[in-house]
There are 2 protein chains.
Amino acid sequence: MSRKPNLAVVGATGAVGTVMLGLLSSREDVWGEIRLIASPRSAGRRLTVRGEEVEVVALSEEAFDGIDVAMFDAPDEVSAQWAPIAAAKGVVVVDNSGAFRMDPDVPLVVPEVNAPAARFRPRGIIANPNCTTLTMMCGLAALHAEYGLRELVVASYQAASGAGQSGVDALRDQLKQVAGTGVGEQTCDLRAVITDNGPFPAPLALNAVPWAGSAAADGWSSEELKVRNESRKILGLPDLKVSATCVRIPVITAHSLAVHAVFEREVSQEHAQDILREAPGVVLYDNPAAGEFPTPNDVVGTDPTWVGRVRRSLDDPNALDLFLCGDNLRKGAALNTAQIAELVAAELGG
Amino acid sequence: MSRKPNLAVVGATGAVGTVMLGLLSSREDVWGEIRLIASPRSAGRRLTVRGEEVEVVALSEEAFDGIDVAMFDAPDEVSAQWAPIAAAKGVVVVDNSGAFRMDPDVPLVVPEVNAPAARFRPRGIIANPNCTTLTMMCGLAALHAEYGLRELVVASYQAASGAGQSGVDALRDQLKQVAGTGVGEQTCDLRAVITDNGPFPAPLALNAVPWAGSAAADGWSSEELKVRNESRKILGLPDLKVSATCVRIPVITAHSLAVHAVFEREVSQEHAQDILREAPGVVLYDNPAAGEFPTPNDVVGTDPTWVGRVRRSLDDPNALDLFLCGDNLRKGAALNTAQIAELVAAELGG
C-alpha cells in the first residue's frame with residue numbers, strides 16, 4: 001500500500017469512542033482518512049479528531065467504502081451484524097464487543113502479549129478483550145513467561161464507566177442524591193434515597209454490587225466467564241484454572257483487580273517485582289511503606305496497567321498476590337483497540 | 001451469682017460504642033448496672049442506654065469497682081494497658097482490640113462457631129475477632145464442618161467506618177467535595193479536589209485504596225495477616241492456607257468479601273447453599289437471576305452475615321466462590337462482643 005490506510009471508528013460518540021478520538025489525536029499519526037461512524041441517531045454531529053472537525057456518518061454498508069481498518073465499539077448485536085459486512089468489503093475489523101472473542105477463527109489480541117496472533121484472521125476480524133481481563137493481561141503474561149501460570153483467583157473492583165456513559169451518569173446522579181444524607185448509617189437505606197439505578201442492578205453510590213453482565217449457568221455472571229475464557233485464549237492456556245468474582249464499586253473510571261496467581265515454579269517477591277518493572281505496558285508501583293500502591297484515581301487517563309501489593313503467599317511458595325489498576329476506557333478498551341489497529345496498519349504498509 | 005451481673009462498656013462514645021448502646025437497649029436485658037467508660041476527654045457526657053441517661057465516667061482502676069464483665073472497644077495500646085488491670089480486679093474482659101487476639105492464653109471467640117472456647121480464659125480476657133475476619137467466619141465454619149476447609153483466598157471491600165468515626169467523617173466530607181466535579185474523568189484528579197484523606201492513605205471517595213492497617217513483613221498489611229491468623233485460630237486450623245488482599249472502598253458501613261474457599265472434599269452448589277441456609281448467624285441471599293445478592297447497603301443495621309453468589313469453581317470440584325456482606329460495626333464488632341459478654345453472663349448466672 002503506497003498511501004496511509006484509512007480508518008473508520010464505529011461507535012465514535014460513546015464513552016469509549018470519546019476516549020478513542022483523544023487517543024487518535026495524540027498517538028503517532030499512521031492513518032489517512034479517519035471516518036467517524038455511529039448510529040443514525042448520532043449522524044450529523046461534528047466531533048474533533050487530530051484537531052479537525054469531522055462529521056459523524058450513519059452506520060451503513062457504504063460507510064465502509066474506501067476504508068482499510070475499522071474499529072468497532074458497539075453493542076454485541078451491532079458488531080455481530082455489521083463487522084462481517086465490513087469484513088466482506090475487505091475491511092480489517094478490530095472489534096471491542098463480546099460477539100467474536102471466543103470464535104476460534106478470530107484472534108483475541110493484547111499487542112504486548114500476543115501480537116503475532118493478529119496476522120491470522122480468517123474472518124477478517126480481530127477481537128479486543130474485555131476490559132476486566134485486559135487490566136491484568138500484561139502483568140500476568142510477563143509473570144507467566146518466567147514462572148508458568150497454573151491458576152488465577154480474581155476479585156474485581158470495576159468502575160461505572162465499564163457500563164458506558166449511562167453508568168457514569170447514574171453514579172454521578174446517585175452521588176449528588178446521597179452526598180448530604182445519612183445513608184450508610186444504621187438507619188438510612190440507599191434504596192429510599194436513590195430513585196434510579198441506571199444500568200446497574202442495585203444502587204452503586206456508597207455501595208458495592210457483586211454483579212456485572214448477564215446470568216450464565218450455575219450462578220456465574222457473563223463477566224466472570226469472560227475473565228476465565230479470554231485469559232485462557234490470550235495466554236494460550238486452555239486448561240488454566242480461573243475463578244473470578246466481578247464486583248462494581250462507586251468509581252467513575254479505572255478497574256482494579258485483586259489477583260491470586262499460582263505458578264508451576266517457586267516465585268520470589270523481589271524477582272516478580274523485577275519482572276513487572278520490565279514488562280511492556282506495565283508500571284510497578286509497589287512500596288506500601290511509602291504509601292505507594294496503585295489506586296483507580298492514580299491511573300485514570302494513563303496508558304499502562306499499574307501493579308502493586310506484590311506479595312508471595314505465606315502458605316504457598318508458588319503463589320503471588322497482586323493488586324492491579326488500569327484505565328478501563330484506555331488500555332481496557334480504546335487504547336488496546338488502537339494498538340491492534342496500528343499493528344494492522346504497519347502490516348498493510350509493509 | 002444471685003443478682004444480674006454488672007457490665008462496663010469501655011469506649012462508649014466511639015463508632016462501635018454508639019452501636020453497642022443501641023444493641024444493649026434492644027437485646028434481652030441480662031445486665032444489672034451498665035456503666036459507660038471512656039477517655040477523660042469524654043467523661044461527663046450523658047448517653048442513653050436502655051432508655052435511661054447514663055453519665056460517662058473516665059477510665060480508671062476505680063471505674064471497674066463492682067463490675068463483673070467489661071467490654072472494651074479501644075485502641076490496641078489502651079486495651080493492652082487496661083484490660084489486665086480490669087482482669088486483675090476479677091472482671092471478665094471481652095476485648096475488641098488487636099492486643100490479645102493471638103495470645104495463646106486468650107480465646108478468640110465467635111459464639112456461633114466456638115462458644116465453648118470462651119470458658120477457657122486463664123488471663124480473664126476473651127478476644128473479639130477483627131471485623132474483616134468476622135464477616136466470613138459464620139458462613140465458612142458451617143461449610144468447614146461439612147467439607148473440611150483447606151485454603152482461603154480473600155479479597156475485601158471494606159467500609160470507611162472500619163477506621164472509626166474519623167473514617168466516616170472523612171468519607172462524607174470527600175463525597176461532598178467530589179459530588180459536583182469531573183473527578184474520575186480522564187482529566188481530573190481527586191488529589192487536587194480532596195484536601196484531607198482522614199485516616200486513609202489516599203482519597204477514598206470515588207476510589208479504592210488497597211491498604212488497611214500497618215505495614216507487616218514482606219509487603220503484607222497487618223489487616224491481611226489478621227484475616228489469616230485469626231481465621232486459623234477461630235476455626236482451629238493452624239495450617240489453613242490463607243491469602244488476603246484488604247481494600248477500602250467508598251462505603252460508609254458494612255464490609256464485603258469475595259472468598260475462594262478450597263475444601264478437602266468435593267462440593268456442590270446446591271448442598272453448599274443448603275448448609276448456608278441453615279447456618280446460625282447467616283442469611284443466604286442468592287438468586288442473581290432475580291437480582292438477589294447481598295450488597296453492603298442491604299445489610300447495614302442487620303445482625304447476620306449475608307452470603308450470596310455461591311458458585312462451585314468451574315475448574316476445581318473442591319472449591320467454592322462466595323460473596324459475603326456483614327455490618328462491620330454490629331457482627332463485625334459490637335454484636336459479637338455483646339454475644340460473648342452474654343455467654344459470660346449466662347455462665348456467671350449459672
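Leaving out neighbours within four places in sequence, A:Ser161 is in contact with A:Val168, A:Ile252, A:Thr253, A:Asn328 and A:Leu329. Contact here means heavy atoms within 4.5 Å. A:Ser161 sits in the loop between strand S9 (149-157) and helix H5 (165-178) of chain A. Helices (H or I, at least four residues) and strands (E, at least two) are DSSP runs, numbered from the N terminus. A:Ser161 counts as buried, because its relative accessibility is 4%. The cut-offs are these: buried is under 20% relative accessible area, exposed is over 50%, and partly exposed lies in between, with a 1.4 Å probe and protein chains only.

The model is predicted: local features need pLDDT of at least 70, side-chain atom pairs count only at pLDDT 80 or more, and totals for chains, interfaces and linings use all residues. Residues are numbered from 1 along each chain as its sequence is written, chains are lettered from A and ligands numbered from 1 in the order in which they are written, and side-chain values use heavy atoms, with hydrogens and water left out.

The UniProt annotation "binding site", from an unreviewed entry, covers A:Thr13, A:Gly14, A:Ala15, A:Val16, A:Arg41, A:Ser42, A:Ser161, A:Gly162 and A:Asn328. These residues are spread over 316 residues of sequence, and in space they reach up to 25.7 Å between C-alpha atoms. UniProt positions follow the numbering used here, feature names are shortened, and annotations may be inferred rather than shown by experiment.

Take A:Val16 from that list. A:Val16 lies in helix H1 (residues 15-26) of chain A. A:Val16 is buried, because its relative accessibility is 12%. Residues up to four places away in sequence aside, A:Val16 touches A:Asp73, A:Asn96, A:Leu329, A:Ala333 and A:Ala334.

A:Arg101 counts as buried, because its relative accessible area is 5%. Beyond four places in sequence, its contacts include A:Asn128, A:Lys226, A:Glu230 and A:Lys233. The backbone oxygen of A:Asn96 is 3.0 Å from a polar atom of the A:Arg101 side chain.

The record also names a domain. The unreviewed UniProt entry gives "domain: Semialdehyde dehydrogenase NAD-binding" for residues 6-121 of chain A. The span is 25% helix and 23% strand, and its end C-alpha atoms lie 19 Å apart.

Now look at both chains. Chain A can be laid on chain B with an RMSD of 0.0 Å, by a turn of 180° and a shift of 0.0 Å along the axis. That is the relation of a two-fold axis. Copies are superposed by least squares on the C-alpha atoms of residues with pLDDT of at least 70 in both. The copies meet through the same surface, because 99% of the interface residues of chain A are also interface residues in chain B.

The whole structure holds 11 aromatic pairs over all chains. A:Trp211 and B:Phe293 form a stacked pair, 6.3 Å centre to centre with 5° between the planes. Rings of Phe, Tyr and Trp (its six-membered ring) pair if their centres lie within 6.5 Å; planes under 30 degrees apart count as stacked, over 60 as edge-to-face and the rest as tilted. Both A:Trp211 and B:Phe293 are buried. Ring pairs also link A:Tyr157, A:Phe323, B:Tyr157 and B:Phe323 into a cluster.

How values were computed. Polar contact = N/O pair within 3.5 Å; in protein donor to acceptor, adjacent residues only side chain to side chain.
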